[in-house]
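Me: Please take a close look at one part of this model for me. Go contact by contact, then show me what else is worth a look.

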Amino acid sequence: MSGEAAPAASSLTAAPAGRPGLLRLWLHVVVFLRSQIRASEIWLAVICAGVGVAAGLGAVATALSAHLLQALLYGVSPLRRLSTLPMVPVERLPVLPLGGLILGLMTLWWARRRPAVIVDPVEANALHGGRMSLRDSLFVVAQCLSSNGFGASVGLEAAYAQLGGAFASITGRALNLRRMDLRTFVGAGAGAGIAAAFGAPLTGAFYAFEIVIGAYTTANVAPVVAAALAGALVSRLLGVDNLVIRLPAADIVSALHYLVFAGLGLVCAGYGVVVMRAVALVERGVSRLPVPRWARPALGGVLLAAIAFYQPETLSAGHGALHLDLEETLGVRDLALLLAAKTCASILALGFSFRGGLFFASLYLGTLLGRLFILVLAAAGLHTGVDPIAAALVGMGGMAVAIIGGPFTMSFLVLETTGDFGLAAATLAAAIVASLVVRETFGYSFSTWRLHLRGETIRSAHDVGWLRTLTAGRMMRRDRPGVPADQTVASFRAHFPLGSARTVFALDRDGAYAGLIPVAAAYAESDESKAVGALAVLRDNALTPDMSIKDCMSLFDATASDELAVLDADGRPLGVLSEAFATRRYAEELEKARRDLTGGD
């Protein structure tokens, strides 16, 4: 990779003399940074801190825009959260369908201009080496604002991570970073956006490690932490109202308490899987309705308005409702109604194509489920001695892990928002149980589950994009000859001496593939007048140029063959791929990925 920087550098420094002086100075700065970042991890951290500042400013601007939009549309004070309204005035209920209509028309217009699927930070790091589009990401922010800003039950976390990741991606590409460094940048940018949103740098850093990058290494710790600290510092300097919970909770010291919280983690895991599957089920049902795609969010807005009329706490992400409900004394019935209403609202919002995330919704759902869990146990005669507020906060982390993933991310979120180390330890216990159960029974987080529904196979942000570049078409040899299948063995021997080739293509009268002829088999045949095509093997087994190395190796195993032909769409041979060469290339790429992961040479 070091050889790639020189041409880029020379092309930049060779700027025409007539260019403005500031532009020429900027180009020289970029060239200098390119060389320094490749040689020093300190510079990588410094640039990531700058990305963190940009991500923090983007997150603050997005949150402020959504809040002002809610205040304008619902007539609430700018100092008040939308989900704390005691009731929604009837004349304000059309706001949600209006937001859905605007979102649908906006999405229709964008799809006609840019039909490609928008890549989020997790997909970018898993499949595209950290490459993201800033234009697409700004449109995601606009979609989130037209959803959350109009009161739909979705969070803005998708916008924060998308914008931060995009800032990092374009910065890293401008600096011509290596693939692994660019992935680190994207994780750092997304983590900085989350850190700014919650005012929690450790949460943002581990969001980057666990959810966006998929690994924690000594090579990526400095840039990610630098970005997260910068993002959180920006939001604090600007006076953003972050998620801070200052409520008394009983000390958690006994082994019984940890067993109770492990049970709560198990309940969160089951509930989280139900929510994720329900979103997919509603999406599938909505797609079958005789309604244009652009009108679906408006229809969903009608349903969300009906729920909000009876339960205003379901509006928006639920930031205010979370604080309000933690301060109230709620019984089993009230908690169950709130839990059901918020769950339905979040599922319907996403199922009817509103844009946003389940991050904050999962936090709110977790607080309700945690308190309900303890009260139900008490009603059943099992008095655990656990404070319901403590259970609410542990449930907050457990539910977020079940839906979003990241046990350490959510444990640090509880620690940074409450300042209670005992609660953080209890949350980690619940989070580990929730994570294990979800991975064993479901296998996906919400982001990777939605990618799975699109046909992708990734289950985390680990870099598997390089696997898709190892295709049969890229690895095959093109110098393999072919002969007519009706050629005699004698003629075949005259053209191909023993040892000249391992196999030869057999071709039918139309030039299509008719099998592989082992040269040794032709020399072992006693009847020289026999058609050589009769000796062909693997007539019905061949590769296509776009088959991944995983599919190639599966076919090698199924056929127990050493070589396979690669055919075009018309069945004509393009080349041949050997199992030995495919295995060696796969091992080389694995070793390269290992070096990138560990930072070794």
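Reply: Start with a pair of helices. L303, L304 and I307 in α12 meet A341, C344, A345, L348 and A349 in α14. To meet is to be in contact, with heavy atoms within 4.5 Å. Helices here are DSSP runs of H or I with at least four residues, strands are runs of E with at least two, and both are numbered from the N terminus. The contact of α12 with α14 holds eight nonpolar residues, no polar ones and no charged ones. Nonpolar covers Ala, Val, Leu, Ile, Met, Phe, Trp, Tyr, Cys and Pro; charged covers Asp, Glu, Lys and Arg; the others, Gly among them, are polar.

The model is predicted: local features need pLDDT of at least 70, side-chain atom pairs count only at pLDDT 80 or more, and totals for chains, interfaces and linings use all residues. Residues are numbered from 1 along each chain as its sequence is written, and side-chain values use heavy atoms, leaving out hydrogens and water.

Now the geometry of that pair. Helix α12 spans residues 296-310 and helix α14 spans residues 332-351. Their axes come within 10 Å and cross at roughly 165 degrees. That makes α12 roughly antiparallel to α14. Axes are lines fitted to C-alpha atoms, for helices over the stretch in contact, and angles run from 0 to 180 degrees between N-to-C directions. Under 35 degrees is roughly parallel, over 145 roughly antiparallel, 65 to 115 roughly perpendicular, and the rest oblique. The crossing of α12 and α14 is left-handed. That term applies if the near helix is turned anticlockwise from the far one by less than a right angle; clockwise gives right-handed.

L96 lies in helix α4, residues 95-113. At 2% relative accessibility, L96 counts as buried. Buried means under 20% relative accessible area, exposed means over 50%, and partly exposed lies in between, using a 1.4 Å probe and protein chains only.

Next comes helix α6, residues 134-148, where Q143 is found. Q143 is buried, at 5% relative accessibility. It touches L103, T107 and R355, again setting aside residues up to four places away in sequence. Q143 and G356 are 213 residues apart along the chain, yet their C-alpha atoms are separated by 7.8 Å.

α6 also has a helix partner. α6 and α7 pack at an angle of about 165 degrees, with their axes 9 Å apart. That makes α6 roughly antiparallel to α7. Their crossing is left-handed. From α6, L134, S137, L138, V140, V141 and C144 take part. From α7, they meet A158, A159, Q162, L163, A166, F167 and I170. By class, this contact has eleven nonpolar residues, two polar and no charged.

Follow the chain past α7. N176 lies in the loop between α7 (157-174) and α8 (179-198). It is not a glycine, but its phi is positive, about 60 degrees. T184 is found in α8. T184 is buried, with a relative accessible area of 4%. Its contacts are I213, N220, P223 and V224, not counting residues up to four places away in sequence.

S353 lies in the loop between α14 and α15 (359-379). S353 has a positive phi near 80 degrees, and it is a residue other than glycine. At 38% relative accessibility, S353 counts as partly exposed. Helix α13, residues 319-327, has H319, G320, A321, L322, D325 and L326 as its buried residues. These pack against α14, α15 and α16 (388-403).

Finally, the whole chain. It comes to 25 helices and five strands. Of its 601 residues, 52% count as buried. Take the contacts between residues at least 6 apart in sequence: 72% of them join residues at least 24 apart.
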